[in-house]
Amino acid sequence: MYYIKPLLCAASLGVALAVELAIAPSSAMPIAPNVLAAELDAHEQPQISKVKNAKPKPSNPPPPPPPKNPDSSAPGGRRDRTTCPQDTEAVTTGSSLTALGPTTKPGLTLAERPIFLVYVPKTSAKTAEFSLRNQNGSGVYRTTVTLTKTPDIVTISLPSNAPPLEIKKRYTWSFAVICNPSDRIKDQFVTGTVQRTELEPTRLRQIEQAPLKQRFLLYQKDDIWYDALPILLELRRSQPNDSSISAAWREFLQSAGVDVMIDDKLKDNKLKDNK
């Protein structure tokens, strides 16, 4: 009985510290390696390739996220086990299901409907579910994604009929691999947090008019994670032998706490386009 009050005080202090850390501002991501920056200074004009985005089938109207979806809102968070039970023997090494987003803070975007990327390891599962909810926990958008070739990076784009993200508002997204459609409690999922922001018009024009490589660097300098990553992935795919891009890819992922070993699994794969 004498120990209850001290324990309650300690628990309250722990909760307060956790809340304070969750809302504390984070520093900008480090700039890509000097070799890439030096190349951009030489005014190289690489061909701008359009990122192949997912075109998922939207729900109409969008229902709220399923009740079995993640119970953790930590950016880039994941369960201890991120492999379907039936895949345990087949997948014994390598990277697990991974949300490509900052793990310690919300990733920023300028887009009303940003692009989300997830690394999916080899699995026998045929479908996954993407969902987005606002900071109040209300469902904004949900869709089913077909898994046709794994391991790979799956790209999800919000369609034009999805509600646009509001500026300065935080959203939590989740990607759940449906291991057993009859028992959703067995879903394996990852989550991320995104927040829409805005830049000064002059800066925005500078970014929009820049060549692809420099556009990535400008996004990175302004900490615009969700807009920088698809560009870097496209550069990685279109120029796989460019060591400066490979180095920038690894450093960019590492700066956000993402598994850099994902790169080794994808050298021979093409960017997945879910249609």
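The crossing of α4 and α5 is left-handed: by that term, the near helix is turned anticlockwise from the far one by less than a right angle. Helices here are DSSP runs of H or I with at least four residues, strands are runs of E with at least two, and both are numbered from the N terminus. This is a predicted model, in which local features need pLDDT of at least 70, side-chain atom pairs count only at pLDDT 80 or more, and totals for chains, interfaces and linings use all residues. Residues are numbered from 1 along each chain as its sequence is written, and side-chain values use heavy atoms, without hydrogens and water.

Helix α4 spans residues 212-221 and helix α5 residues 225-238. Their axes come within 9 Å and cross at roughly 150°. Axes are lines fitted to C-alpha atoms, for helices over the stretch in contact, with angles from 0 to 180 degrees between N-to-C directions. The two helices are therefore roughly antiparallel, a label for angles over 145 degrees.

Which residues of α4 meet α5? Leu 212, Lys 213, Arg 215, Phe 216, Tyr 219 and Gln 220 do, against Asp 227, Ala 228, Ile 231, Leu 232 and Leu 235 in α5. Contact means heavy atoms within 4.5 Å.

Now the sheet. It is open, has three strands in the order β2-β4-β7, and pairs antiparallel. Pairing requires at least two DSSP bridges between two strands. β2 (98-99) and β7 (152-157) stand at the edges with a single partner strand each, so one side of each lacks a neighbour in the sheet. Strand β4 (residues 115-120) pairs with β7 over six bridges. Leu 117 stands opposite Thr 155 in β7.

Notes:
Angles under 35 degrees count as roughly parallel, over 145 as roughly antiparallel, 65 to 115 as roughly perpendicular and the rest as oblique.
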